[in-house]
Amino acid sequence: MEYIPAKTIVTKTKSDAWFGIDYNMNIYKGCCHGCIYCDSRSECYRIDDFDKVRAKENALEIIRDDLRRKVRKGVVGTGAMSDPYNPFEKELLLTRHALELVDAFGFGASAATKSTLMLRDMDILESIKEHSPVLLKVTVTTTDRELAGKIEPGAPPPSERLDMVASFSDRGIFAGILLMPVLPFLEDSLDNVLAVVREAHKAGARFIYAAMGMTMRGSQREWYYDRLKELFPERKLPERYMKAYGNRYECPSSRARALWERFAQECAKYGILYEMKDIIHAYKRGYEVTQLSLFDL
């Protein structure tokens, strides 16, 4: 494992609009899931050799000091730029020990992953849940094992990720699905979207947050197109993307509106949350604390 220097790791978010997260915590840099659509490959993030995972030097000491200095408690999110449960985490235990610190200092936790290794930390997440909100986001963009194996070659099959959601939900931990991206020409069929919703319902997912399309930026776009040529040579997908989107950043499915309407109907049918404000309200319910100023006493 290569270690890279860091001065701070737990940083204040610019807004808590994204799942109500107050702080970001990225312990690793790079990812080895090999997802062909990953936005973190974009040149704006300046991550060289993205497929190589590196850890931040003295991460646990830095996280301890960062949390100690925070005046305001809140939800600490991990998994924004790299998966916190990469294969190296099994031995390094950096994410696990970081969550122990989050627990010890009285913060809430949010994690986004494709890895079933998160099940290992069930005990810590249950401990955090005793005093603060916990939100677990598991990415599932298709239930098609063969397709998932092509576009997310280093990640566990969708069925295993859904089983993980079921395990957390059975223990009363607020867990759900990130249905994003929904890749145009590959995943933006009604059958695919509704299959994810139905399997999420079977797994007891509390929410599904969806984006009916994808984003593309410099260097990421070229990587994506190269992978499409390799994986689906007969479908001429890069040409179809270029014709539909050019160099646009936001690339919504041409069926986005119709897909969203049916998606929302299906979620409502099963009682699955899908609006951001509702998800935030639900997982934080019961943890609101009214703090009185000394001047009010």
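Trainee: Which residue lies over the face of Trp223?
Mentor: Arg41 does, at 3.8 Å from the ring centre. Keep in mind that this is a predicted model.

Trainee: And what sits over the ring of Phe232?
Mentor: That is the charged end of Arg235, 5.9 Å from the ring's centre.

Trainee: On to ring pairs, then. How many aromatic pairs are there?
Mentor: The count is 15. Take Trp18 and Phe19: their ring centres are 4.9 Å apart and the planes make 85 degrees, so this pair is edge-to-face.

Trainee: Is Phe19 buried or exposed?
Mentor: Phe19 is buried, because its relative accessible area is 0%, under the 20% cut-off. Trp18 has 42%, so this residue counts as partly exposed.

Trainee: What about Trp260 and Phe263, how do their rings pair?
Mentor: They are tilted, with 5.1 Å centre to centre and 45 degrees between the planes. Both belong to helix α10 and are 3 residues apart, about one turn of the helix.

Trainee: Which strands does β9 pair with?
Mentor: β9 pairs with β8 in the parallel sense over 4 bridges, and Lys137 stands opposite Gly176 there. β10 also runs parallel to β9, joined by 3 bridges, with Ile208 as the bridge partner of Ile177.

Trainee: What unit do β9, α7 and β10 make?
Mentor: A right-handed β-α-β unit, with α7 spanning residues 190-202.

Technical notes: Residues numbered from 1 in each chain as written. Predicted model: local features only at pLDDT ≥ 70, side-chain atom pairs only at ≥ 80, totals over all residues. Heavy atoms only, no water. Pairing = 2+ DSSP bridges. Helix = DSSP H or I, 4+ residues; strand = E, 2+ residues; numbered from the N terminus. Right-handed = clockwise from strand over helix to strand, strands pointing away. Phe/Tyr/Trp six-rings, centres within 6.5 Å; stacked < 30°, edge-to-face > 60°. Buried < 20%, exposed > 50% of the residue type's maximum accessible area, 1.4 Å probe, protein only. Lys NZ or Arg CZ within 6 Å of the ring centre and 35° of its normal.
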